[in-house]
Amino acid sequence: MLIQLARDLPAYFYDVFVTRLDFWLVFGIVAQMVFGSRFVLQWIASERAGRSVMPLSFWFLSIVGGLMTLVYGFVRREPVIIIGQGLSTGIYLRNLALIFRERRRKRRAA
């Protein structure tokens with residue numbers, strides 16, 4: 001079984017990453033990289049602060065990466081991606097709204 005898997009795996013990866021290579025596959029990979037970069041950004045910010053922090057740019061990367069992935073899902077007709085990124089992007093936008101509301105409150109109080 002493992003020997004057969006070792007034989008089939010190269011053909012699988014060739015089919016997925018070479019045979020199907022087109023603009024939308026590259027777009028989807030870039031979208032995933034943008035989306036994933038938010039975790040690297042959050043990790044760096046937390047290391048610098050010495051505590052867990054969620055920088056504002058985390059939410060912007062979440063929105064941009066989420067929207068890009070949502071577009072990819074629509075183009076590829078992937079309902080799981082459409083549902084997941086559609087709902088998630090709404091949550092990211094709501095978090096930004098809450099952050100900006102809190103900042104306005106603090107400015108008024110100051």
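Helix H1 gives the most to the nonpolar patch, with 8 residues. Keep in mind that we are looking at a predicted model. The patch lies on the surface and has about 1,000 Å² of accessible area together. Its members include Leu2, Leu5, Leu9, Tyr12 and Phe13, and also Ile29 and Met33. Two helices, H1 (2–19) and H2 (23–49), each supply at least two of the patch residues.

Let's pick one of them, Val18, which belongs to the patch and sits in helix H1. Is Val18 buried, exposed or partly exposed? Its relative accessibility is 43%, so Val18 counts as partly exposed, because that class lies between the 20% and 50% limits.

Now please turn to helix H4, residues 79–109. This helix has 31 residues, and from its first C-alpha to its last it reaches 45 Å, close to the 45 Å expected at 1.5 Å a residue. Which residues of H4 are buried? They are Gln85, Thr89, Tyr92 and Leu96. As for their partners, these buried residues pack against H2 and H3. A handy reminder here: an α-helix has 3.6 residues a turn, so residues three or four places apart point the same way.

Tyr92 brings us to my last stop, Ser62, because contact means heavy atoms within 4.5 Å and Ser62 touches Tyr92, along with Phe35 and Arg38, leaving aside residues up to four places away in sequence. Ser62 is in helix H3, residues 56–76. With 0% relative accessibility, Ser62 counts as buried. What does the side chain of Ser62 make a polar contact with? The partner is the side chain of Arg38, at 2.7 Å.

Terms used: Residues are numbered from 1 along each chain as its sequence is written. This is a predicted model: local features need pLDDT of at least 70, side-chain atom pairs count only at pLDDT 80 or more; totals for chains, interfaces and linings use all residues. Side-chain values use heavy atoms; hydrogens and water are left out. Helices (H or I, at least four residues) and strands (E, at least two) are DSSP runs, numbered from the N terminus. Buried means under 20% relative accessible area, exposed over 50%, partly exposed in between (1.4 Å probe, protein chains only). A polar contact is a pair of N or O atoms within 3.5 Å; within protein, one must be able to donate a hydrogen and the other to accept it, and residues adjacent in sequence count only if both atoms are side-chain atoms. Patches are made of residues with over 30% relative accessible area and no salt bridge: like charges are joined within 9 Å, nonpolar side chains (Val, Leu, Ile, Met, Phe, Trp, Tyr) within 5 Å. Accessible areas come from the Shrake-Rupley method with a 1.4 Å probe; for residues, only the protein chains shown count as cover. A salt bridge is a side-chain nitrogen of Lys or Arg within 4 Å of a carboxyl oxygen of Asp or Glu. The expected span of a helix is 1.5 Å times one less than its number of residues.
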